[in-house]
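Please look through the structure below with the sequence beside it.

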Amino acid sequence: MTNQEYHSKTDFLSKTLLDQIRKSPAHFQAYLNSEKKEATSAMNFGSLVHSVLFDQDNFAIMPSCDRRTKEGKMLYEAFLENIQGVELIVTEEQHEQALKIAAAVLEHPKAAALLKDGKAELPVFGQIEGINFKCKPDFRNTKFNVLLDLKTTTDSSPSEFAKSVWNYRYHVQAALYMDLTKADRFFFIAVEKESPFNVEVYELDQDAIQKGREDYLADIATYKKCLKTNNWHGYTEDKSINILSLPKWVK
């Protein structure tokens, strides 16, 4: 199943869609109606690293040519004609960087061991609280029944990655994926995008997993309520005037 086919199944909720619900039901509806931003360069580069590490043939390297010249234009047009269906178009420099990052991951003994005996990016479909869900773990180690998720980052240190876990709701991802797949454990492989490409492997403690589970169940409750009332509201449910206080940090 291609990424496009997977993402087209919008009758299944996902962690990404729960993130939209958490922002507001209006964000959720806008996302489904394609009123969403294009993938950022950082997101595309992360996808390239995934492709290189997991040997996926879904990217093409742009030819080195000057498209201001007639010859360059012809070369580039021929390139485009031969890459129908390719999801990512990258430069040679980006590809070389991705190769270095993938090599760093595989040089980490724990990461390399966990990335054996399994399958990469296999979609999983199921139900939670009577709602259809989908997920696509980066890698499932079938020997140990654990999931792995690769995160490219600017700082893979414990303190900074903990901030990323909270900011991007990785704890929700871990809990949701484990519950959908019945995996026993969930590991993050955090690798820096620049030299020296530091790699760290993290596992969230049980309190973080439980918090993630509580958060996604709260998101499901919001989704069900919106379905029932057909009120896909913004940050507040009604149109009343809200009274604000100054933030606590200014007091």
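The side chains of Arg213 and Asp179 come together in a salt bridge, with a distance of 2.8 Å from N to O. Arg213 belongs to helix α10 and Asp179 to helix α9 (residues 170–181), so this pair ties together parts that are 34 residues apart in sequence. The model is a predicted one, and every value in this briefing is therefore computed from predicted coordinates.

**Salt bridges**

- A search of the whole structure finds ten salt bridges, and the pair of Arg213 and Asp179 is one that joins two side chains.
- Arg213 has a relative accessible area of 22% and is partly exposed, since the buried class is kept for values under 20%.
- Glu203 and Arg185 also meet through their side chains in a salt bridge, at 2.7 Å from N to O. Glu203 sits in the loop between β9 (199–202) and α10, while Arg185 sits in strand β8 (residues 185–192), so the pair ties together parts that are 18 residues apart in sequence.
- Both partners of this pair are partly exposed, Glu203 with a relative accessible area of 38% and Arg185 with one of 40%.
- Glu237 forms a salt bridge with Lys225, and the closest N and O atoms of the two are 3.1 Å apart. Because Glu237 lies in the segment after α10 and Lys225 lies in helix α10 itself, the pair ties together parts that are twelve residues apart in sequence.
- Glu237 counts as partly exposed at 46% relative accessibility, and Lys225 counts as partly exposed at 44%.
- Salt bridges also link Lys15, Asp19, Arg22, Arg169 and Asp219 in a network.

**How α9 packs on α10**

- Two packed helices are described by the angle between their axes and by the distance between those axes.
- For α9 and α10, the axes come within 7 Å and cross at roughly 80 degrees, which makes α9 roughly perpendicular to α10.
- On the α9 side, the contact is made by His171, Val172, Ala174, Ala175, Leu176, Met178 and Asp179. On the α10 side, the contact is made by Ala208, Ile209, Lys211, Gly212, Arg213, Asp215 and Tyr216.

- Within α2, the residues Lys15, Leu17, Leu18, Asp19, Gln20 and Ile21 are buried.
- These buried residues of α2 pack against α3 (25–32), β5 (131–135), α9 and α10.

**Exposed residues and a surface patch**

- Asp207 lies in helix α10 and is exposed, with a relative accessible area of 64%.
- The C-alpha atoms of Asp207 and Pro247 are separated by 27 Å, and these two residues are 40 residues apart along the chain.
- Trp249 is found in the segment after α10 (206–229), and this residue counts as exposed at 73% relative accessibility.
- Together with Leu246 and Val250, Trp249 makes a nonpolar surface patch of about 400 Å².

**The chain as a whole**

- The chain has ten helices and nine strands, and its C-alpha trace spans about 60 × 45 × 45 Å along the principal axes.
- Of the 251 residues of the chain, 41% count as buried.
- The chain exposes about 15400 Å², and carbon and sulfur atoms supply 51% of that area.

Technical notes
Residues are numbered from 1 along each chain as its sequence is written. This is a predicted model: local features need pLDDT of at least 70, side-chain atom pairs count only at pLDDT 80 or more; totals for chains, interfaces and linings use all residues. Side-chain values use heavy atoms; hydrogens and water are left out. Patches are made of residues with over 30% relative accessible area and no salt bridge: like charges are joined within 9 Å, nonpolar side chains (Val, Leu, Ile, Met, Phe, Trp, Tyr) within 5 Å. Accessible areas come from the Shrake-Rupley method with a 1.4 Å probe; for residues, only the protein chains shown count as cover. A salt bridge is a side-chain nitrogen of Lys or Arg within 4 Å of a carboxyl oxygen of Asp or Glu. Helices (H or I, at least four residues) and strands (E, at least two) are DSSP runs, numbered from the N terminus. Buried means under 20% relative accessible area, exposed over 50%, partly exposed in between (1.4 Å probe, protein chains only). Contact means heavy atoms within 4.5 Å. Axes are lines fitted to C-alpha atoms, for helices over the stretch in contact, and angles run from 0 to 180 degrees between N-to-C directions. Angles under 35 degrees count as roughly parallel, over 145 as roughly antiparallel, 65 to 115 as roughly perpendicular and the rest as oblique.
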